[in-house]
Amino acid sequence: MEKYLSQLNDAQLAPTLQKDGPMIVIAGAGSGKTRVLTYRIAYLMSQGVDAFNILALTFTNKAAREMKGRIADIVGDSEAKNLWMGTFHSVFAKILRFEGHHLGFPSNFTIYDTQDSQKLLGSIIKEMGLDKDIYKTKQVYSRISSYKNSLITVKAYFSNPELMEADAMARRPKMGDIYKAYVDRCFKAGAMDFDDLLLRTNELLTRFPNVLAQYQNKFRYILVDEYQDTNHSQYLIVRALSDRFQNICVVGDDAQSIYAFRGANINNILNFQKDYDDVKVYRLEQNYRSTKMIVGAANSVIEHNKTKLDKIVWTANDIGERVIVHRSMTDGDEGRYVASTIWETKMNEQLPNSDFAVLYRTNAQSRAIEDALRKRDIPYRIYGGLSFYQRKEIKDVTAYLRLILNTADEEALKRVINYPGRGIGQTTIDRLVVAANATGRTIYDIMKDIDNVAININNGTKNKLKDFVTLIESYKVMNQTANAFDLAEHVTKTSGLIRELNKDGTPEGVTRMDNVQELLNGIKDFVEGQIELADAGDSLAEFLEDVALATDLDGDKGDPNHVALMTIHLAKGLEFPHVFIVGMEEDLFPSAMSMNTRSELEEERRLFYVALTRAEKQAYLTYTLSRYRWGKLIDAEPSRFIEEIEDEYVNITTPLKEQHFNPMLDASIFGDVEPNKIRFAKPKSPKFRKKETKSKPENFKISTPKKLKPVNASNGASNLFDSKLTVGNIVNHQRFGRGEVLKIEGAGGDLKAEIKFENGDSKKLLLRFAKLQII
Ligand code: ATP
Ligand code: MG
């Protein structure tokens, strides 16, 4: 047996060694699904299957690269190179380059990213004179995206009264017209958006049986990772391509289906057995990623979902530590807790930053975490924000390059026609658009032919348009011989872009300059790689395609030793020794927008399952008592998901019952108030009460600094209400400074201390709230 196969257990070996026929591996998180896919490909190759005949579809391009890397270690680089591997979007973009002409697209079609698509929709809505507050571009975009992913073409839309009715009811009766205009404009611009890459592939495979046969023949073995998150459009492509040989292997976990909001269809996994004859179903049960505590916690959570396939997940790994639940007053405190815990763990256990990840439900939550990490000089990286390629200065450069390749690209043209400023105003651009729409020509075409077009533009401006055309034409000539790097460098210099950026001496301006330089470096790397592939002719087109499809996970450059910050959605498939899941609060996680139906709530729960199962050694759940949301400070309640974890797997280190207290009013100002005047929420359930009795004061320690340091919540100060504070102790209070404990009275949660502060004030403080540090 091949040596690498010994790195699989028996359950994993079975699907790995089944060479032919349809099969599905359904298994929980961390059980080696991705590993099985990887080794299976290596095994197929060892059995004489040609790499050119294997297609593997992954969730991110990064995952594809890693998989290819591992396969290369086994079968060698030169063979692994020939595998077709990547996301649905990147693989089918490549196929459309070859075959798009059947559908009337040029091989150098542009890929519109979300920003381009939304801009175009914005123009269309404006041109149609519609109210932009009703026709919000983002909403219109996602509506169109959902049509496309359900394969509802413009024609299908207009022959479906229910759809039209639904849009009319949503006060958007012109949706269909916008959809039509958008599709027409993309077509005319020689552009496809992300959803088109799937929709047009489907169109291609349905309308052109010869093309379908050709690719069925090519992709004799098809493998799909994260199958639970494929949408209808992707599902149909896989079905069509695998129809002839039926050598299809999909792996997935229904409990990790988290993209329904983007059209993913969990039924694709549930129905797989019905779609093919004689499907072999494999299950993996042993988790290799996480401790027993984490596996137990995750299992107990997902148990609460009604819609699920029954699965067993167990592990032979160490028992590990319970999942830690931590309460903070505010998101600022939460950030400090995360940062200080990372700091301490890192120091105590000598771990690299990259052992830690902070996961959140929404991107907006990253700010408080970032602030705290920065204060402690802990390097971090945010994934999934604006990707490098979506930054303005980068899009400006790539827009020039796009235009050189495809002058019909309307969004690229609009972006650079007057940037840097050339005295071509918005009115002129609007008139060009009208003329282009009226004649069916492209804007660039009209500009080229400006002397012969009836258009209300004065001669001075016409000359400026001609100059611009001349500039672009000169670039096009250069593109015929120069490589992408030389061309891009030339463009940045001669278009005035660099000059424009140079003018801006602010730190942001300097960063933008650096980014452009970084882009050029990237193009250089790319070109050098291309030459090796003897494919230099198309390097610019290929580079732009990579850029358009790059997700933030892909461009993982820079120092790899950083804490990773990302949304849970993005963390799918990844693993980290220590994982913090922050913002575990009702209305945030589960999200307020996902609590109307059982299925929405179950998707949120699956998301939580995904989050927990990213952790190898330790998981932390944090929640706050109040949080700024939508510009307001609101009371927060711990997430129901915390409660759903079986007691034996969690350690709730702070009591949960003061959840309605408003912590922005520094708790200690209640020092003089009778405790019963403070409003406490009732404990949520007997279970919660039970847990509270187990609680211990969090990270309480008596520190003895030589010099007084400013203290904050996560800095060693803590609520000392069941501590050993005694009369005569010298303490430091965040706001009142240093003082001496004169008297202690009350008990338990009502424990109070009378403290005389150095400024002369005496105060009675409720110890459950006062943040005191004994010195
Ligand atoms: P997810 O559902 O999160 O995508 P998965 O089922 O794809 O998880 P993998 O990522 O393939 O799981 O594996 C989880 C971890 O366990 C990885 O670090 C992998 O290398 C390791 N692993 C898998 N199988 C084995 C094995 N037989 N022996 C040792 N380690 C293994
Ligand atoms: Mg996986």
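**Reading a predicted model, feature by feature**

Modeller: Let's begin with one residue: Thr654 has 17 C-beta neighbours inside 10 Å, so it counts as partly exposed. Do keep in mind that this is a predicted model.

Biologist: Why does Thr654 count as partly exposed?

Modeller: The idea is to count the C-beta atoms around a residue: 20 or more within 10 Å make it buried, 12 or fewer make it exposed, and a count in between makes it partly exposed. Thr654 has 17 such neighbours, so it falls into the partly exposed class. You will find Thr654 in the loop between strand 19 (650-652) and helix 30 (686-694). In sequence Thr654 and Ser328 are 326 residues apart, yet their C-alpha atoms are 8.8 Å apart in space.

Biologist: Let me try two other residues. Is Arg171 buried or exposed, and is Glu226 buried or exposed?

Modeller: Use the count again. Arg171 has 9 C-beta neighbours inside 10 Å and is therefore exposed; Glu226 has 26 and is therefore buried. Both also have a backbone feature to look at: phi is positive, near 60° in Arg171 and near 50° in Glu226, and neither residue is glycine. Arg171 sits in the loop between helix 9 (161-169) and helix 10 (175-188), while Glu226 belongs to the loop between strand 6 (221-224) and helix 13.

Biologist: How do I apply burial to a whole helix? Take helix 27.

Modeller: Go through its residues one by one. In helix 27 (residues 539-549), 10 of the 11 residues are buried, so the rest of the structure largely encloses this helix. Among the buried ones are Leu540, Phe543, Leu544, Val547 and Leu549, and also Glu542 and Glu545.

Biologist: And where two helices pack, what is the angle between helix 11 and helix 13?

Modeller: Look at angle, distance and handedness together. Helix 11 (residues 194-207) packs on helix 13 (residues 232-242) at about 35°, and their axes are 9 Å apart. The crossing is left-handed. Helix 11 makes the contact with Leu198, Leu199, Thr201, Asn202 and Leu205, and helix 13 with Ser233, Gln234, Leu236, Ile237 and Ala240. By class, that contact has 6 nonpolar residues, 4 polar ones and no charged ones.

Biologist: Which residues are closest to ligand 1?

Modeller: Read the shell first by members, then by origin. It holds 19 residues, and the closest are Gly32, Lys33, Thr34, Arg35 and Tyr288. Helix 2 (residues 33-46) gives the largest share, 3 residues. Sorted by class, the shell has 4 nonpolar, 10 polar and 5 charged residues.

Note on methods
Residues numbered from 1 in each chain as written. Chains lettered and ligands numbered in written order. Predicted model: local features only at pLDDT ≥ 70, side-chain atom pairs only at ≥ 80, totals over all residues. Near = placed C-beta within 6 Å. Helix = DSSP H or I, 4+ residues; strand = E, 2+ residues; numbered from the N terminus. Nonpolar A, V, L, I, M, F, W, Y, C, P; charged D, E, K, R; others polar. Axes fitted to C-alpha atoms, helices over the stretch in contact; angles between N-to-C directions. Left-handed = near helix turned anticlockwise from the far one by under 90°. Contact = placed C-beta atoms within 7 Å.
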